[in-house]
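Please find below a note on the model under review. It is arranged as numbered points for reading beside the coordinates.

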Amino acid sequence: MFSYLLKRLFGLIPLLIGISLMSFFVIHLSPGSPTDAALGDLNPKVSYEARQKMEKLYDLDKPLWVQYKKWFTRILRFDFGTSLADGRPVIDKFLETIPVTLAVNGLSLLLILLFGIPAGVIAAVKKGALFDKMSAVVMFAAFALPAFWLALVLMDLFGVKLGWLPVSGLTSLDFEYFSGPQKIADLARHLALPVAVSALASLAGISRYIRNQMNDVLEKPYILAARSRNLPERVVLYKHGLKNALLPVISILGLSVPGLIGGSVIFESIFAIPGTGRLFFLSVMSRDYPVIMAMLVTTAFLTIIGSLLADLGYACVDPRIRYAAEEK
Amino acid sequence: MTRLFEVRDLNVMLPTRHGPLAVSRDISFSLEEKQILGVAGESGCGKTMTMLALTGLLPPGSRVSWKKLELAGRSCDPSCRTDISKMRDKGISYIFQEPGTHLNPLFSIGEQLTETILCNNRGLRAKTARQEAVRILENVGLRPAGDFLRRYPHQLSGGMNQRAMIGLALAADPKLLIADEPTTALDLLTQRSIIDLVLSLVRTRGLSVIWVSHDISLMESFADTLAVMYAGRIVESGPAKDMTRHARHPYTRALIHCLPERLKEKRFQPIPGHVPALNAETRGCAFYPRCPFGMPACAQAEPLTIETENSRKIKCFFPQNT
Amino acid sequence: MPAWTRGSAMPQKKNRSKPSIALAWGTGLIGLLLILALLAPVLASFEPDSIDAEQLLSPPSFQHWMGTDQLGRDVLSRFLFGARISLTVGALIIVIAGCLGILIGSLSGYFGGWLDQLLMRFTDIMLCFPVFFLILSVIALIGSSVFNIILILGLTGWMGLARLVRAEILTLKNREYILVARAYGASDARLILRHLVPNASAPIFVTMILGIASAILAESALSFLGVGIQPPTPSWGNMLNDARATLGVAWWMSLFPGLGIFCAILGFHLIGEGLRNPAGGRP
């Protein structure tokens, strides 16, 4: 098991280098100097010397590969440089926004699993019944529904027309004056719409996926064999069937790791949530390239970590993988 | 010898895209205690479907009808809506052809065994169930039992998995064991050991067995009675040795003549033609197109089953004399 | 008549669904949108950016079937021309992504070896990035003209197709008819272009159909954020962005463009689903 892990980690190194290269060149191969944004585009008043100074400060006068090397060694130490927009360390800005995004996406993921998995299981168990067919239709519609449109519609309905929920921001204006439980309630009200929209967007997909997995499993020979042993249908479905059908959920969890930290640009923009997605968007608008590069590298890195965790998860749960790794 | 099991005029219908399909017709046979019935036939003759029908394990949408279905004195009423599975519950176990795929890969042998024991014996304590599991594993030859309890199906060989499956079948404490081609996927040596195991279980536990296989010569060696199926019907049945030595139905004869052993004797003869598709509607005898002894009358109506001395049954208008 | 009972202890299945319905509906929907888009100049009573100063932000009426926006522009006309933009952009994107994906996938699958390793590693690297992040980075740095958007979305949307094509080619590469063709002296290019890729065309086609849907969604999302199609050129996405300002006041501004995007994506997905399950397949 340990050597399996080591081998996987080793194979990641070229990927990591590739990611860093990609992130670096995405920014540096674009027209226009990165200092343009910081100094004001084409502002003739900015003196040549000031520009030179800035370029020297950010190593922009050196050849590309030197810049890359310097940047790469710095990010290995988690030093992502300083933001061009406000001079603060990138890592600080990043860390500020992570908890928010984590909360929103984490809650959303929880809802998706909590409702999506049972829905899929029911659809499979009652295959062909009304629920199954309805959920197929709903899923199809949900897939086609642009999430930002759903957000607008729900904002309109719950935020404006009914006035039940706030439509933007994380907290109300007088948040500091709230008591503890009031603060929690306020946060909850603000998070309700973003989390709900985010969850709704993926719910149908997950439930349909689980339904298909479950159906596949229920056709397997060992399910027939289990029935032949007089195991109650309940046990056959929910113990034998479900355990096998839920294996791929590990993959899903692994795939959602980058989203948990990277956040969603669209939702955070719509709902004005100060999370990592919004940070990225603002940085992109202002060409704050240290932040952009930092986020590109981090999210890509997290994707790899996510898939590694999924592999580990499988090895833990599936004895075929666990023992195959050991027997080597 | 008391009669353990009897089925009369069983018909199985499967739903297909083009309408219902009759896969077994008028299946009738009986089994005594401690008796082994071998069911032989080519692929596609309906043997597995018939067996699945007897245990209520057919795919959804299937329909079964029968005139009589009785296990250990308890009759299954064809007009009542309860599934046959209730009858299975009380005493039929099934073992399958490929043991590896019929065991859940995510649970250990021990877990699956104790689960079956607990489900079939309500109110049993977990500890007792585990002891029983150990006992069963030893009975089927998986020693040391403690080891095998912890193993997973993918870690065992085909033979060991089949033993585990037999163990699982025994955990339900059956009176009748249906073995659907249990050794077809195994090598010859393992085959023999599994057959020996089943024979010993018949002796020690008083099990009756229905053994399904396409290998008639294999079953001849250990079965008490044989039934040969063709196109969903039983075309001949009777005591095993008698049938193979003095086969009377043209199909059974042709089968015997196809046996590889006959190659040496230069009496090997493959059967021309091929098995009819199950949805081919025939008016007369299903074997008529391939029958070397067929008469025009055979094409007109389905042959009746003739019963002769020593409980031989032949479904033919013109059974051959030896 | 024998008395039939259920042979199975397992739950009964009801009627099978008919996947060809999906194909019919999908084609119908997309066909409708295509017609609307093609006939936009004919069907639209107004220019998409002409202003009716007396009817700012008015709800749907006989004169303006979909109402007007806050600048007095007719929403229906913008919708129709927006259909043109969104559909065209989506199609062009998938052409680029398709060519790239098929090229990389077939080279990778056919030649194998170090080329395969290199190309697949590259694909893996591209797949590590959240696609939207990549797109945003590049778009905001090189600007958001229509051409740029098509280019960038095309350059970031080929990975799935490449993997698919590679897998198909690996399967087909050793089939007999390929070996025969090669024995007859067919060149590599000919083998790939005339034999291998066409034989994999079914899954490729389905993937590309679904890809158009993703492309339209991506362009709409970008336009919604303000970095896609720039106003005054109408796109369903930027029409929705305009609707943000008038949220709660003008429901018609968010309903119709959103509906447009929804129908387009739904239509392509239905076609894809209908093609994937030929009649009688598993529902």
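1. Basis of the note. The model is predicted: local features need pLDDT of at least 70, side-chain atom pairs count only at pLDDT 80 or more, and totals for chains, interfaces and linings use all residues. Residues are numbered from 1 along each chain as its sequence is written, chains are lettered from A and ligands numbered from 1 in the order in which they are written, and side-chain values use heavy atoms, with hydrogens and water left out.

2. Fold of chain C. Chain C contains twelve helices and one strand; helices (H or I, at least four residues) and strands (E, at least two) are DSSP runs, numbered from the N terminus. Read from the N terminus, the order is β-α-α-α-α-α-α-α-α-α-α-α-α. Among contacts (heavy atoms within 4.5 Å) between residues at least 6 apart in sequence, 69% in chain C join residues at least 24 apart.

3. Dimensions of chain C. The radius of gyration is taken over C-alpha atoms, and the globule rule is 2.2 Å times the number of residues to the power 0.38. Chain C has a value of 24 Å, whereas a compact globule of 283 residues would have one near 19 Å. Its C-alpha trace spans about 75 × 70 × 35 Å along the principal axes.

4. Of its 283 residues, 50% count as buried, where buried means under 20% relative accessible area, exposed over 50%, and partly exposed in between (1.4 Å probe, protein chains only). The accessible surface of chain C is about 12900 Å², and carbon and sulfur atoms account for 68% of that area; areas come from the Shrake-Rupley method with a 1.4 Å probe, and for residues only the protein chains shown count as cover. Chain C carries 19 positive and 14 negative side chains, with the centres of the two sets 18 Å apart. Lys and Arg count as positive and Asp and Glu as negative, while His and the chain ends are not counted; the place of a charge is NZ of Lys, CZ of Arg, CG of Asp or CD of Glu.

5. Chain B. Eleven helices and 13 strands make up the secondary structure of chain B. Its radius of gyration is 20 Å, close to the 20 Å from the globule rule for 322 residues, so chain B is as compact as a globular protein of that length. The C-alpha atoms of chain B fill a box of roughly 65 × 50 × 40 Å along the principal axes. Buried residues amount to 52% of the 322 in chain B. Chain B exposes about 14300 Å², with 52% supplied by carbon and sulfur atoms. The centres of its 41 positive and 32 negative side chains lie 1 Å apart.

6. Nonpolar cores. A nonpolar core is a set of buried Ala, Val, Leu, Ile, Met, Phe, Trp, Tyr and Cys residues joined through side-chain atoms within 4.5 Å. The largest has 128 residues, and A:Phe271 and A:Phe280 have the most contacts inside it. Helix α3 (residues 75-111) of chain C gives the largest share of this core, 13 residues. A second, separate core of 96 residues includes B:Ala169, B:Ile194, B:Ile234 and B:Ala247.

7. A buried proline in chain A. A:Pro290 belongs to helix α14 (residues 289-317) of chain A and is buried, at 7% relative accessibility. Its C-alpha atom is separated by 7.2 Å from that of A:Leu84, which is 206 residues away along the chain. Apart from neighbours within four places in sequence, A:Pro290 contacts A:Phe80, A:Thr82, A:Leu84 and A:Val90.

8. Backbone features to inspect. Most residues other than glycine have a negative phi, and most peptide bonds are trans. A cis bond joins B:Arg143 and B:Pro144, with omega about 0°; another cis bond joins C:Pro231 and C:Pro232, with omega about 10°. Phi is near 65° at A:Asn230, which lies in the loop between α9 (221-228) and α10 (233-245) of chain A and is buried at 8% relative accessibility. Phi is near 50° at B:Glu181, a residue that is buried with a relative accessible area of 9%.
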